[in-house]
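Here is a friendly walk through one protein model, written for someone seeing it for the first time. Keep the picture open as you read.

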Amino acid sequence: MLYLDSAATTPVRREVLEAMWPYLTAEFGNPSSSHTLGERAADALADARARIAAVLGVRASDVVFTSGGTEADNLAVKGIALASRRGRHIVTAATEHEAVLESVDYLRRLHGFEVSFVPLDPDGIVTADALDSVLRPDTALVTLMYANNEIGTVQNLAALGSVTSAHKIPFHTDAVQAAGWLDLRVARLSVDALSLAGHKIGAPKGIGLAWLRGRIPVEPLVHGGGQERGRRSGTENVAAAVGLATALELAESERADAARRVSDRRDELIAGVLDRVPGAVLTGSATSRLPNSASFCFPGTSGEAVLLELERRGVVSSSGSACAAGSDEASHVLTALGMPAEIAQTAVRFTFGSDLTGEGVASVIDAVAASVTAVGTFG
């Protein structure tokens, strides 16, 4: 089997499991307890936080552990917006992950926020001028993702951050898909808040983080004992936090080399599919794109039917976001970029790790061509 759905999840790395094991067994203490066992758990949690902070280039005290990327997005978007004294206006993009869009909609429905959707170019890119055009004196937050989970388009966060900084507006980015592939040092990204999910980089599902710049007020979503400096109450998952720190360090140490190698495989896959499948359409930017992401529409087919044919031929992939559970609607990302719904429903996304070989790419191209021929009206 060739697994090309890394944007949905990745296998847990052995090094991560080994790092977690002590805190799933003998070192089971509650990090809020004052006895020795609890103190050792607290030390492990502090160490994990410090290691993550070193990768991001931030203060350890500003790292908040969450249950995953969705909670991290919710905490950053709702927490910053509700604590803001600037006003009741949020800027985002129609192509954001549902965790951001639903959080923004919650603020609109229940807290009276106004929402502006920044204009996008056909590839889903936000320009600095486009962002500047929708900002207002009462804008409480700008939230734009680093790299799109469906089409792989990468934003120039530094350029966008220079705009938000000039207006002194907090800037959050969902960086879930960027981890392991793009630079995460926040000083270079010019952001004030950032969300990550462990299971995209070889940690278990159920652990993530929100980095929230300390000077920015944040209203917590979960109230209780005041853990995580009061920003996210609840007994911390020490083992998963250690696993996340280990996975993030490994991903960062391998990132530069992996991105170079994988981008070559990506380009081979894109070129091969466009050559072998008549009418195939590349979605997202051809140039500003995640190294491990290739996404297409195949007009005249059903995306789900293509996926079933691909799996029958040993290739596992996706029709888009794995978080739109049970949905057979057209991708909101593609329709937001002006693609007709009937074409957007033919979308297939290939996202892969650094273990994909040239031979694997050739096998995927063959499988795509055969699958589309089997279910579609090409040729």
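## Before you start

This is a predicted model, so local features need pLDDT of at least 70, side-chain atom pairs count only at pLDDT 80 or more, and totals for chains, interfaces and linings use all residues. Residues are numbered from 1 along each chain as its sequence is written, and side-chain values use heavy atoms, with hydrogens and water left out.

Helices (H or I, at least four residues) and strands (E, at least two) are DSSP runs, numbered from the N terminus. Two strands pair if DSSP finds at least two bridges between them.

## The sheet

Let's begin with the open sheet of 7 strands, which has mixed pairing and the order β2-β8-β7-β6-β5-β3-β4. At its edges stand β2 (63–66) and β4 (114–117); each has a single partner strand, so one side of each has no neighbour in the sheet. From one strand to the next, the twist averages 20°. (Angles run from 0 to 180 degrees between N-to-C directions, and axes are lines fitted to C-alpha atoms, for helices over the stretch in contact.)

Now for some of the pairings. β3 and β5 run parallel, joined by 3 bridges, and His89 has Thr139 in β5 as its bridge partner. β5 also pairs with β6 in the parallel sense, over 2 bridges; here Val142 stands opposite Phe171 in β6. Strand β6 (residues 171–174) in turn runs parallel to β7 (residues 193–197), with 3 bridges between them, and His172 is partnered with Ala193 in β7. As for cover, 5 of the 5 residues of β5 are buried (buried means under 20% relative accessible area, exposed over 50%, and partly exposed in between, with a 1.4 Å probe and protein chains only).

## A helix across the strands

Helix α4 (residues 98–111) lies across β3 (89–92), β4, β5 (139–143) and β6, and runs at about 160° to β3.

## Helices that pair up

Which residues of α1 meet α8? They are Glu15, Val16, Ala19, Met20, Tyr23 and Leu24, and their counterparts in α8 include Val238, Gly243 and Leu250 (contact means heavy atoms within 4.5 Å). The axes of α1 (residues 14–24) and α8 come within 8 Å and cross at roughly 160°, which makes the two helices roughly antiparallel.

Helix α9 (residues 303–312) packs against α12 (residues 358–375) at an angle of about 130°, their axes 9 Å apart. These two are therefore oblique to each other (under 35 degrees counts as roughly parallel, over 145 as roughly antiparallel, 65 to 115 as roughly perpendicular and the rest as oblique). On the α9 side, Ala305, Val306, Glu309 and Leu310 make the contact, which as a whole has 8 nonpolar residues, 1 polar and 1 charged.

## Two loop residues to look up

Most residues other than glycine have a negative phi. Ser190, though not a glycine, has a positive phi of about 60°. Ser190 sits in the loop between α7 (186–189) and β7 and is partly exposed, with a relative accessible area of 26%.

Arg229 is not a glycine either, and has a positive phi of about 55°. You'll find Arg229 in the loop between β8 and α8 (238–276), where this residue is exposed, with a relative accessible area of 52%.

Technical notes
Ala, Val, Leu, Ile, Met, Phe, Trp, Tyr, Cys and Pro count as nonpolar, Asp, Glu, Lys and Arg as charged, and the others, Gly among them, as polar.
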